[in-house]
Amino acid sequence: MTSEAITPAFDLPEPTLRINGRHIGAHAGQTYESFNPSTEELVTTVAAAQPEDVDTAVAAARAQLEGGPWSRMSGSERGRILTRAAQLIEEDAHNLAALEAVEMGKLFHDSVRGDIPAAAEAFRHFAGWADKVTGTTVQLPDFGPQRRFGYTIRQPLGVLGAITPWNNPVLIAAWKLAPALAAGCTAVIKPAEDASLSTLRLGELLADAGLPDGVLNIVPGLGTVAGAALAGHGGIDKISFTGSLRVGKQIQSLAGDTFRKVTLELGGKAPQLVFDDADLDQAMPWIAMGNFYHQGQVCAAGTRVLAHESIVDKVIEGLIDAAENAQIGDPFASASTMGAIVNGRQLDQILRYIDIGRAEGAELLAGGGRVARSGYFVEPTVFRGSNDLTIAREEIFGPVATVISFEDIDEAIHLANATKYGLNAMVYTSDLSRALAVTERLRVGTVWVNGWGVPDPALPWGGRAGSGIGRELGRSGIEADTEEKTVHIGI
């Protein structure tokens, strides 16, 4: 484990609801407690939004949409605000990263170098879209004696209800808010109760950037209360949710009653396909990162490592080396390579899956236990097994890799696609033709070839099957937050 480090100074945002530009307490004074998973100590007490508070937040967002200053702003004016927001996020990177480290155990230097700059880039990218949301024109054929002309316009979809997870709170909030605000929508966002502070700070930065009161409203609270109220609210035009498959099904059902649009990103069980011609010196750091980055608490984690039988032992050796050399400890320590699991429930779930792997006959090669120290820390774990194991089928959301061998390309693709999920996959090969052929046959939303990383805001992100529906980011993200209207004109 790493040596301890002194936590840098940071500012806690007001742990309240933020509705119509004001910090307010929740209805009936309801609160919940936020804990530091690295120390198990209380961080602060946060206001817990109730259904009445969600009503107020949605009303504030609706008022801005239907006659407030936001509704009258040009695209270029919205773009300037989003550009300013990107700059403020970059300037506040250390503070935002510290909040994420304290509240959910993410490595401070990973957030500073990765998530927070990526969040700023999302706002900067969609700022450029804000004055470019246009329709099409069509010269229609005459209808009898009348000449006709047609065109389409794209208008803001309405009020976005966003529900974000705890693992990448600022980044995923940016992915949902930046395109929606660029398109002219307003929003109510419910951050995860395990990681709401950085989202509240993001709200303060957006207000400082010039976002009018009521355009963005933040309602921290319990998923079963605030989340359910937002998902089922009749004043919401679209729900965008990132989280578990179980909750995603509930949200889709609630939204379906009113025919609202829904974007669901529901996690995955991504395969990493390592072919016999892969450059393992180049590939192994990516393969290990795909399993152990942020303690495996990543929806795009590649925890099914499918390796050709001729090199599977070398891949296993590389993963064992990465696991045994991981520096587990204080998220603020510069030498740490793994931080804490977000809470005790998640730690117990990871350990339960490890026990299931053992019981089902998987070969434990590294890790497999809780780290003996205060806080919720677990050892990076490597199993060798088969695709029909529970640990190879279900999303663990922890640093647990299962290595599975294959004989040929057809078996590799069959194994990769033999899952209820379909978010992403990674392919490692020196043969470009093989990479393209495999990519076409994988039933996923995104494929990384010879690498792994954070989605780029210029390209769409989302899954299929059990990994959800719809796309965020890219042109698709803008179009998903608009409604297309067709106009026919008789001349």
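How many nonpolar, polar and charged residues are in the lining of the second largest pocket? I counted by class (Ala, Val, Leu, Ile, Met, Phe, Trp, Tyr, Cys and Pro as nonpolar; Asp, Glu, Lys and Arg as charged; the others, Gly among them, as polar). The lining has nine nonpolar, three polar and two charged residues.

**Ground rules.** I am working on a predicted model, where local features need pLDDT of at least 70, side-chain atom pairs count only at pLDDT 80 or more, and totals for chains, interfaces and linings use all residues. Residues are numbered from 1 along each chain as its sequence is written, and side-chain values use heavy atoms, with hydrogens and water left out.

**Second largest pocket.** A pocket here is an open set of points on a 1 Å grid over the protein atoms alone, where a 1.4 Å probe fits, with protein on both sides within 12 Å along at least five of seven lines; lining residues have an atom within 4 Å of a point. I noted a volume of about 340 Å³, taken as the space filled by probe spheres set on the points. Of its 14 lining residues, Ala288, Met289, Phe292, Tyr293 and Thr337 are the closest to the centre. Helix α10 (280-292) gives the largest share of this lining, four residues. Elements are DSSP runs numbered from the N terminus: helices are H or I of at least four residues, strands E of at least two.

**Largest pocket.** I read a volume of about 1,300 Å³. It is lined by 40 residues, and the closest to its centre are Trp166, Gly243, Ser244, Arg246 and Val247. The largest share, six residues, comes from α9. By class, I logged 18 nonpolar, 13 polar and nine charged residues in this lining.

**Positive phi.** Most residues other than glycine have a negative phi. Asn20 has a positive phi of about 55 degrees. It is in the loop between β1 and β2. Asn20 is partly exposed, at 37% relative accessible area. Phe397 has a positive phi of about 60 degrees. Phe397 is buried, at 16%.

Terms used:
Buried < 20%, exposed > 50% of the residue type's maximum accessible area, 1.4 Å probe, protein only.
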